[in-house]
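Visitor: Could you walk me through this structure, one step at a time?
Guide: Gladly! Take a look, and then ask away.

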Amino acid sequence: MIDFDAVTVTYPGADRPAIRDVSLHIPEGELCLVVGGTGVGKSTLLGAMNGLVPHFTGGVLAGRVTVAGLDTRTHRPREFAGVVGVVLQDPVSGFVTDTVEEELAYGMEQLAVPAAVMRKRVEETLDLLGLAHLRRRPVRSLSGGQQQRVAIGSVLTSHPRVLVLDEPTSALDPAAAEDVLAALTRLVHDLGVTVVLAEHRLERVIEYADMVVSVDASGTIVAGRPADVMNISDVAPPVVRLGQVAGWDPLPLSVRDARRRSGELRTTLEHRAALPPSPPVAVEPALRAKRVVVRYGDVVAVAGVDLDVNSRQVLALMGRNGSGKSSLLWALQGSGPRQGGSVALEPDGLDPARAQGGEARNRIGLVPQSPGDLLYLSTVAAECELSDKESGQSAGTCRSILDRIVPGIRDDVHPRDLSEGQRLALALAVQLCPRPDVIMLDEPTRGLDETAKHRFASVIRELAGERRAIVVATHDVEFVAGVADRVVVLADGEIVADGPTADVVVASPVFAPQVAKVMSPARWLTVDQITNALATEEVR
Amino acid sequence: MSQRLPRQLHPGAWWLWALGMATAVSRTTNIITLLVFAAVVWCVVSFRRSDAPWARGFGTYLRLGLIIIAVRVVFRVLLDAQYGTTILFTLPEAHLPDAAAGVRIGGPVSLEGLLAAVYDGVRLATLLLCFGAANVLADPRRLLKTLPAALHEIGVAMTVALTVAPQLVESGHRIRRARKLRGANGSRGGVIRGVMIPVLEDALDRSLVLAAAMDSRGYGRHADQTRRTRVITATLVLAGVAGVFIGTYGMLDGTTPRLLGGPMLAAGCMVAVIGVRVGGSRVRRSSYRPDPWELAEWVVMACGVGAAAAMFVASSVDPDNLYPTLQPLRWPTLGLVPAVAALIGVLPAWLAPPVDLGEASSIAREVAVAP
């Protein structure tokens, strides 16, 4: 269905090709997963499949790409509209019209599909993706998962034979992600659509994949069956790494596979304490919030939340999209609205919302969901310099913090040219510069690849080690399992669970990490814990 | 009469009705007639508007109308209130240098001057209400959708603008909030650098993504017009639109020569239609659930046109009633023909099909919960 023949793509001004000498054949009806770190050319690979690369992006494409017999050299993206459906990373920015129904019809209107056929296809697609009850809603008022499904639907109505998706689940909470993936597998199984998707959250998608294409930093690819590619890939979901640690062959790809093979492992570790007893840390509250209420008009976002945030602890704030996580963070920081309750920073009980000038920021920092919003100067050096000035620190403070988080970012780079991970690091450094006791991060792992996430997790642990209190609002259960001491789950603006990570997540069907699901009912959370346990076992 | 199913009227029909009402209103300064027309418009709106977000703005137009009247009166009182003999009170007068001779600030205020200002203000406000009603009764996006194929590009550009504008506001809000996190001070340079530039960068990024999305969804796929057709289309459409503008002006302003009114409007319309036909003949695109133009649309349009026509008749039958004299002062009265015009104008409140409030209000509820 999709054929790449010795394809090399070089963008103008780049010193090396984005993808190099790629030869690839994706058969019809496969679900193909593209993996690799950020900035390695995954998007280039996807974009080449309907001619957006190089027709829209510029650059030089050597070799030949054919999709369903059409050559991208002679056909422009718009001519692929009936063959290849493309869903971009942020579905909202690709919406042309206003309501769900019109968005679904837009592509067909361009292809001059007759009105009667259009009507029928729209109804079919609404049912296929479970959107019928949303048909007249404005697309902007939908939740992230619904928007993603509308975006998929809007290209499906043109009956494409190939569907290309760039990180369809990375911004979604686990339940919404499952909705989207269920819709995709249904397309592959029932309609024989060939689906190509790029995704960082391997743990979510790998079990559905028929083939995996791994792109490495030099732009070359390895393609094959998922288990084979995972064996040699440097990014792998926890079940796969668990399989590697335990020496299972073939590697398990789903929790179910792993659970079936884990009998022996579970017996070996049965007598071990579920979690190695962590050394007791003297935690002391850094922030006390009582009955915090945030409302937008009639909508109550946070409904009277009591929360103590402790220093030396990493607190993970979880809950579905729209459960009030961001509103709570902004209210605690004092910059966002708060209609009721009190927030007091220890030891003097200062309310950050009442603090004068930059005082709040010296005590409590927040890195917003899109960290780029904090940055607006044209070079990294200028941002660091301004940050030192803003927070009254000696010159070079911000830069040294940045170097500790991610070393080796050049001074003269524009912040927009940084990778997601580097940009997050810079925003974090800027917010850490005034040395606040409490630092809060809203969805920091969105867009981070496995390696960057690992690196980021250890930075978070280090910060907590320095007597700081850390609050992370996130959907990423694997990240939480690795980094958080305590988990608070919000639903409809109320706290529904609060306790040590293992207590909260192990029993939860949505928030349990893969290792916990495999090892249940024992309370293991991460592959690292199991690796350590096995190592000490052997020593004994 | 068979049962009428609830449906949305073609947005064009509402606009034509509103234009007719506006034409009628512009033909008089009789405050009684004007108030009757305002009531008629309000009546139709409250009977036939849906509950969608764009349909809730009538109150805003009403307030805007009151502001217009107030501004008109205040300026008249301050600047030029000497018209007439019934002096109500005298304001302290500011003496201006000779260069500004002819302009007076302050001085005596007459009842006649005040009333003239009120009449004018009410007429403007009622005109505004007519256009407000069109906006409230017809979804502006659906109106854009009904644009003929040759004007499709303009329609798309406006749709995108309608979508992007709230996004710009939103990203401005987001970025300003983030700036506060950095302890931003409120200096103007800081605002421009710290908010404007990121917002513009954001907008640029978004538009590139949108362009890529539209391209890969087949936008412009059949734009196989030759350069010559494009030029001819553009010329014809522009000339036609100019004709329509001049014609409309002629219709609205009773003092222009007759030739600039109806005939010009008709000629403009014809040229524009020819242009649109030429341009649209080669465009291959289809339209999802196009709004039908049925009997109800004809009726609503006819009501608007009828009201305007009745006012034209009135201006030749009884011009004194339409422009009540201020010297000597007389109570304005509601003439027979203007009353008939208002009655014709109010008919759509019953003759237009009912709107589907059940569905619409459930949308509105969900929208209200969404942010």
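Visitor: Which are the buried residues of α10(B)?
Guide: Keep in mind that this is a predicted model. A residue counts as buried when 20 or more other C-beta atoms lie within 10 Å of its own. In α10(B), the residues that are buried are B:Glu297, B:Val300, B:Met301, B:Cys303, B:Gly304, B:Gly306, B:Ala307, B:Ala308, B:Ala310, B:Met311 and B:Ala314.

Visitor: What covers the buried residues of α10(B)?
Guide: Look for other helices of chain B around them. The cover includes α1 (11–26), α11 (319–322), α12 (336–346) and α13 of chain B.

Visitor: How many Å apart are the end C-alpha atoms of helix α10 of chain B?
Guide: Helix α10 of chain B runs over residues 295–317, which is 23 residues. At 1.5 Å a residue, the helix should span 33 Å. The distance between its end C-alpha atoms agrees with that, at 32 Å.

Visitor: Is α2(B) roughly parallel or roughly antiparallel to α12(B)?
Guide: Two packed helices are described by the angle between their axes and the distance between the axes. The axes of α2 (residues 31–48) of chain B and α12(B) come within 9 Å and cross at roughly 10°. Angles under 35 degrees count as roughly parallel. So the relation of α2(B) to α12(B) is roughly parallel.

Visitor: How many residues of the contact of α2(B) with α12(B) are nonpolar?
Guide: From α2(B) come B:Thr33, B:Val36, B:Phe37, B:Val40, B:Cys43 and B:Val44, while α12(B) brings B:Pro338, B:Ala342, B:Gly345 and B:Val346. Sorted by class, two are polar and no charged residue takes part. The number of nonpolar residues is eight.

Visitor: Is B:Val355 buried or exposed?
Guide: B:Val355 sits in the loop between α13 (348–351) and α14 (357–369) of chain B. Around it, 20 other C-beta atoms lie within 10 Å. The cut-off is 20 or more. Therefore B:Val355 is buried.

Visitor: How many Å apart in space are B:Val355 and B:Asp215?
Guide: Along the sequence, B:Val355 and B:Asp215 are 140 residues apart. In space, C-alpha to C-alpha, the distance is 36 Å.

Visitor: How many residues does domain 2 of chain B give to its contact with domain 1 of chain B?
Guide: Chain B is divided into domain 1 (11–154 + 295–369) and domain 2 (225–282). Their centres, taken over C-alpha atoms, are separated by 26 Å. Domain 1 of chain B gives eight residues to the contact, and these divide into four nonpolar, three polar and one charged. From domain 2 of chain B the count is nine.

Visitor: Which element gives the most to the side of domain 1 of chain A that touches domain 2 of chain A?
Guide: In chain A the assignment gives domain 1 (2–235), domain 2 (237–268 + 506–540) and domain 3 (285–505). Ten residues of domain 1 of chain A contact nine residues of domain 2 of chain A. Elements giving two or more residues to the domain 1 side are α6 (174–191), α7 (202–205) and α8 (226–232) of chain A. With four residues, the one that gives the most is α8(A).

Visitor: And between the chains, which element gives the most to the side of chain A that touches chain B?
Guide: This contact takes 49 residues from chain A and 44 residues from chain B. The elements giving two or more residues to the chain A side are α3 (100–110) and α4 (115–128) of chain A. The element that gives the most, with seven residues, is α3(A).

Definitions and conventions. Residues are numbered from 1 along each chain as its sequence is written. Chains are lettered from A and ligands numbered from 1 in the order in which they are written. This is a predicted model: local features need pLDDT of at least 70, side-chain atom pairs count only at pLDDT 80 or more; totals for chains, interfaces and linings use all residues. Two residues are in contact if their C-beta atoms, placed from the backbone, lie within 7 Å. A residue is buried if 20 or more other C-beta atoms lie within 10 Å of its own, exposed if 12 or fewer, and partly exposed in between; C-beta atoms are placed from the backbone. The expected span of a helix is 1.5 Å times one less than its number of residues. Domain bounds come from an automatic or database domain assignment. Ala, Val, Leu, Ile, Met, Phe, Trp, Tyr, Cys and Pro count as nonpolar, Asp, Glu, Lys and Arg as charged, and the others, Gly among them, as polar. Axes are lines fitted to C-alpha atoms, for helices over the stretch in contact, and angles run from 0 to 180 degrees between N-to-C directions. Angles under 35 degrees count as roughly parallel, over 145 as roughly antiparallel, 65 to 115 as roughly perpendicular and the rest as oblique.
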